[in-house]
Amino acid sequence: MAKVALIGATAGLVGLAALALGYQAGRTTGLVASAPDTTAVTASTTDRVEIEGIVRNYLINNPEVMLEVQTALNTKQEAAQKEASTQVIGENKDKIFQSSNDAVFGNPKGDVTIVEFFDYNCGYCKKALPDMDALLQSDPNLRFVMKEFPILGADSTRAHMVAKAFKAVMPEKYLEFHRDLLGGEGRATEASAMAIAVRLGASEAQIREKMNSPEISQSFRDTYDLANSLSITGTPSYVVGTEVVPGALGADALAERISHIRNK
C-alpha cells in the first residue's frame, strides 16, 4: 500500500511538471506562429529537458513531498467520502435505523443507535461480539441494530438465510441464536446455523419453508444497496450518528463516539 501511495503522489507531481511543460510549450508555439524559426524546436526541447531535470532533482532531494501530497489527497478524499456518507444517511434514516428486517438488541427506545453490518464468517465480527455485549450491559439506553450482510461466500449466504428465517419464526430467541452462531468455532454454514435453530426449539421444516420467503431475499438486496450507497465493502462496519465507521473499533472507541453524540 505504501508503494501505491508513493506512486500516486509521484504521478501528481509529474502532472504538475506536465502543466509547466504545457505552459512553456504554449509560449513557444506562440513564438513560432508569429515568427517561424527552427531554433524554436530546439529551445522547446531544451526547456523540456531542463524542467524534467529540475522536477527529478527536487523529488530526489525532497522525497517527503510525495508523502505530503499523498496525505493531502487522502485527507481530501476522506472528507469528501464523509460528506457523501452523511448525506446518504440523512436521506435513508428509516432504512438504516428503523428497518423491520433487522434485529434490534438493547433498548428498543434507546437515545443512541449503533448499526452494525456483519457477516457470520467474519473473524473481526466474531471479535466484536464481546464489545457489543459489553456496551449493552453498561449502557441501558443503547440501541444496537444488526444488519445481516453476507459477503464471504455461499456458506455465509446460507447461514444468514437460516438466521433470517429463525428471526421471523422465533424473534424472542434471536439474540441467543446470534451469539451462538457468531461466537461459535469453525465456519458458519447452513448446517451449523440450522443445528443451533433446532436446539433452541425451532422446527427445521418451518425454518426451511421460511427461507424461501421472498421477503428474506429482498431484505438482503436492501442491505446490499445501502452498503453500496455508504461505500461499505467490509465487515464489521458501523453507522454511528451521521458517520460510517469501518472496522472493529473496540468497546471503548465505540463508547467515546456514543458519548460524543449525546453531548452534541
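Salt bridges and sheet packing in a predicted model

The structure holds 11 salt bridges, a salt bridge being a side-chain nitrogen of Lys or Arg within 4 Å of a carboxyl oxygen of Asp or Glu. This is a predicted model, in which local features need pLDDT of at least 70, side-chain atom pairs count only at pLDDT 80 or more, and totals for chains, interfaces and linings use all residues. Residues are numbered from 1 along each chain as its sequence is written, and side-chain values use heavy atoms, with hydrogens and water left out.

One of the salt bridges links Arg-158 with Glu-190, with 2.7 Å between the closest N and O atoms. Arg-158 belongs to helix 6 (residues 154-169) and Glu-190 to helix 8 (residues 190-199), so the pair ties together parts that are 32 residues apart in sequence. Helices (H or I, at least four residues) and strands (E, at least two) are DSSP runs, numbered from the N terminus. Arg-158 is partly exposed at 35% relative accessibility, whereas Glu-190 is buried at 18%; buried means under 20% relative accessible area, exposed over 50%, and partly exposed in between (1.4 Å probe, protein chains only).

Asp-180 and Arg-199 form another salt bridge, their closest N and O atoms being 2.9 Å apart. Here Asp-180 sits in helix 7 (residues 174-183) and Arg-199 in helix 8, so parts 19 residues apart in sequence are tied together. Asp-180 is partly exposed, at 27% relative accessibility, while Arg-199 is exposed, at 53%.

Within helix 9 (residues 204-211), Arg-208 and Glu-204 are four residues apart, about one turn of the helix. Their side chains meet in a salt bridge with an N to O distance of 3.0 Å. Both are partly exposed, Arg-208 at 35% and Glu-204 at 36%. Through shared partners, salt bridges join Arg-158, Glu-190, Glu-204 and Arg-208 into one network.

The strands include an open sheet of five, in the order 1-3-2-4-5 with mixed pairing; two strands pair if DSSP finds at least two bridges between them. Its edge strands, strand 1 (103-106) and strand 5 (243-246), each pair on one side only. Strand 1 runs antiparallel to strand 3 (residues 142-148), with four bridges joining the two. Gly-106 has Arg-143 in strand 3 as its bridge partner.

Helix 7, which carries Asp-180, lies across strand 1, strand 2 (112-118) and strand 3, and runs at about 90 degrees to strand 1. Axes are lines fitted to C-alpha atoms, for helices over the stretch in contact (heavy atoms within 4.5 Å), and angles run from 0 to 180 degrees between N-to-C directions.
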